[in-house]
Amino acid sequence: MMPGMSTIQGRLLRVLALGSLILLGGCATAPMIQEETDPQRIGLWRSHQQQLQAIQQWQIEGRAAILAQGTGGQVAFDWSRATEQQVLNIKTPLGQNVLQLTHNAKGVVLVDHEGEIHQGTDGEALLRETLGWSVPFEAMHAWLLGLPATGNDAYSLDPEGRILRMHSHGWRIEYQRYTTLNGVALPSKMELTHMDLTLRLIVDRWRL
């Protein structure tokens with residue numbers, strides 16, 4: 001285990017305890033998601049997909065309600081992604097830094113709340129070692145935009161041709177609300193579920 005890992009895990013558990021009033025409830029059994037077959041929705045989706053794929057950089061600010069291994073609560077986050085680098089900051093609801101993760105061509109660097117630096121080549125693995133849980137880091141940028149991460153992802157569309165539900169990398173993603181910025185519909189509320197981990201994300205601000 002890397003130095004300071006148990007300290008960081010304890011820190012996050014205390015962060016989650018601060019948000020215990022918003023613990024997530026149990027999830028209903030998910031219906032089987034089938035590939036979309038409605039031609040009208042598919043046509044709208046293809047146009048929408050082209051808009052999303054044209055986005056080369058973005059910034060978001062938001063909140064995440066978390067339920068993991070029987071412990072739940074809330075954190076704040078901001079995430080910026082450019083062509084050559086992405087930076088994820090996780091904070092307590094009061095704005096205190098929990099960690100910063102930077103990913104670029106040189107690798108992944110994680111700075112914890114005490115300023116200790118941890119390096120690696122896999123953002124997902126580094127988050128797992130640090131927090132005890134993680135998300136598919138490279139797939140997440142596609143999910144945040146409302147895009148499949150791979151061509152094998154199964155999904156269904158809403159009447160406006162946006163993804164409603166999706167299965168990707170063993171995760172179930174449900175898009176509960178979209179917001180429009182510069183003529184593009186972007187997710188502003190979504191729930192991600194994988195085994196005993198549930199994340200409920202609210203994006204308060206998008207910047208393109």
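Biologist: How many bridges join strand 10 to strand 11, and which way do they run?

Modeller: 6 bridges join strand 10 (residues 184–194) to strand 11, and the two run antiparallel. This is a predicted model, where local features need pLDDT of at least 70, side-chain atom pairs count only at pLDDT 80 or more, and totals for chains, interfaces and linings use all residues. Residues are numbered from 1 along each chain as its sequence is written, and side-chain values use heavy atoms, with hydrogens and water left out.

Biologist: What counts as a strand here, and what counts as pairing?

Modeller: Strands (E, at least two residues) and helices (H or I, at least four residues) are DSSP runs numbered from the N terminus. Two strands pair if DSSP finds at least two bridges between them.

Biologist: Which residue is the bridge partner of L192 in strand 11?

Modeller: L199 is the partner of L192. Strands 10 and 11 form a hairpin with 2 residues between them, and M195 in the turn has a positive phi of about 55°.

Biologist: What does strand 1 pair with over 10 bridges?

Modeller: Strand 1 (residues 58–68) pairs with strand 11 (residues 197–207) in the antiparallel sense. Within that pair, A64 has L201 as its bridge partner.

Biologist: What is the strand order of the sheet?

Modeller: The order is 6-5-4-3-2-1-11-10-9-8-7, in an open sheet of 11 strands with antiparallel pairing. Strand 6 (117–120) and strand 7 (154–157) are the edge strands, each pairing on one side only. Neighbouring strands are turned by 20° against each other on average, direction ignored. Axes are lines fitted to C-alpha atoms, for helices over the stretch in contact, and angles run from 0 to 180 degrees between N-to-C directions.

Biologist: And how many bridges join strand 8 to strand 9?

Modeller: 4 bridges join strand 8 (residues 163–168) to strand 9 (residues 171–181), again running antiparallel. R165 has E174 in strand 9 as its bridge partner.

Biologist: Switching to helices. Which strands does helix 2 lie across?

Modeller: Helix 2 (residues 39–53) lies across strands 7, 8 and 10, and runs at about 100° to strand 10. Contact means heavy atoms within 4.5 Å.

Biologist: Where does helix 3 lie?

Modeller: Helix 3 (residues 123–131) lies across strand 4 (97–104), strand 5 (107–112) and strand 6, at about 160° to strand 4.

Biologist: How many salt bridges turn up in the whole structure?

Modeller: The search finds 7. A salt bridge is a side-chain nitrogen of Lys or Arg within 4 Å of a carboxyl oxygen of Asp or Glu. One of them joins E61 and R207 at 3.0 Å, N to O. E61 is in strand 1 and R207 in strand 11, 146 residues apart.

Biologist: Is E61 buried, exposed or partly exposed, and what about R207?

Modeller: E61 counts as partly exposed at 32% relative accessibility, and R207 is partly exposed at 34%. Buried means under 20% relative accessible area and exposed over 50%, with partly exposed in between (1.4 Å probe, protein chains only).

Biologist: What does R63 meet in a salt bridge?

Modeller: R63 meets D204 (2.8 Å, N to O). R63 lies in strand 1 and D204 in strand 11, so the pair ties together parts 141 residues apart in sequence. R63 is partly exposed at 34%, and D204 is partly exposed at 48%.

Biologist: Which residue pairs with K91?

Modeller: K91 forms a salt bridge with D78 (3.5 Å, N to O). K91 is in strand 3 (residues 85–91) and D78 in strand 2 (residues 71–81), 13 residues apart.
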